[in-house]
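Please keep the sequence and the model in view while reading.

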Amino acid sequence: MIVRPPVLVPLLASITFLALTGLVLGGWAPLDSFDSATSEAFRGYGDRHPELVGVLRITTDISATVPYLLIGAVASGGLLARGERRAAACCAALTVLVPVLWGLLHWGVHHPRPLDGFVVVHSNGFPSGHTSNATATALMAVLLLWPSLARTGRVVAVSLAALFAIFIGVTRLALLAHWPADVFGGWLLGLAVVPLTVYAINRFVPRREVPVLVGGSGAGTAHHPDSS
């Protein structure tokens, strides 16, 4: 089962992402100044705490592309085995779509990463792939768990998901792997793509049907009670 988020979420995220992309492409001076000042603050902190940098180099890769693909494949297979066709289709689509989208943007948007970072990555940085992966994973987990959780459980799930996405974004800043604009872009990309994918899957993938007895004499079909 998967719940559909409010349409306002992907709408605002998409508009903001497009605006941010325009500012990045245009080299908007206030954004560049903010990026530089924030990165220099993280550089100074990292220079003073090299042991923390070592830890972050490990923890940030929770949302690297390979773990993201593996988690997505396992989740998709598990949901399909349970007969949750729409949820499985959403997981499978997002497992492929999110890395493809940020990969294409890395190719098409010229936005070099900070120089002399604590990790070395030879590619453009907008939006942050790790942050996009983390946001998509966190939001998809909330949407899958939402129907089966009580009010307190939903608050906990949303809080943990938000903390996870924020944590990964901050690790990318602390390691000087990305500018703040890249991380904001990753958050926005995840918030836009996940709900839009859910809406598309709900429209084009039929609900699972299960056999039922009709009038005690024959078998018919009925839609599985799937909120997706």
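## Backbone features and a helix pair

L176 is buried, its relative accessible area being 1%, where buried stands for under 20% relative accessible area, exposed for over 50% and partly exposed for what lies in between, with a 1.4 Å probe and protein chains only. The model is a predicted one, in which local features need pLDDT of at least 70 and side-chain atom pairs count only at pLDDT 80 or more, while totals for chains, interfaces and linings use all residues. Residues are numbered from 1 along each chain as its sequence is written, and side-chain values use heavy atoms, with hydrogens and water left out.

L176 belongs to the loop between α7 (151–174) and α8 (180–204), helices being DSSP runs of H or I with at least four residues, numbered from the N terminus. Its phi is near 60 degrees, a positive value in a residue other than glycine. Most residues other than glycine have a negative phi, and most peptide bonds are trans. D116, which is not a glycine either, has a positive phi of about 55 degrees; D116 sits in the loop between α5 and α6. The two residues are set side by side below.

| Residue | Phi | Relative accessible area |
|---|---|---|
| L176 | near 60 degrees | 1%, buried |
| D116 | about 55 degrees | 68%, exposed |

The loop between α5 (85–108) and α6 also holds P127, and the peptide bond that joins F126 and P127 is cis, with omega about -10 degrees.

S39, in helix α2 (residues 29–48), is buried as well, with a relative accessible area of 3%. Leaving aside residues up to four places away in sequence, S39 touches P114, L176, H178, W179 and P180, contact meaning heavy atoms within 4.5 Å.

Two packed helices are described by the angle between their axes and the distance between the axes. Helix α4 (residues 65–81) packs with helix α6 (residues 129–145) at an angle of about 20 degrees, and their axes are 11 Å apart. This angle makes α4 roughly parallel to α6, a term for angles under 35 degrees. The crossing of α4 and α6 is left-handed, as the near helix is turned anticlockwise from the far one by less than a right angle. T65, Y68 and L79 of α4 meet N133, A136, T137 and L144 of α6 in this contact, whose residues comprise 4 nonpolar, 3 polar and no charged.

Definitions and conventions
Axes fitted to C-alpha atoms, helices over the stretch in contact; angles between N-to-C directions. Helix = DSSP H or I, 4+ residues; strand = E, 2+ residues; numbered from the N terminus. Parallel < 35°, antiparallel > 145°, perpendicular 65-115°, else oblique. Nonpolar A, V, L, I, M, F, W, Y, C, P; charged D, E, K, R; others polar.
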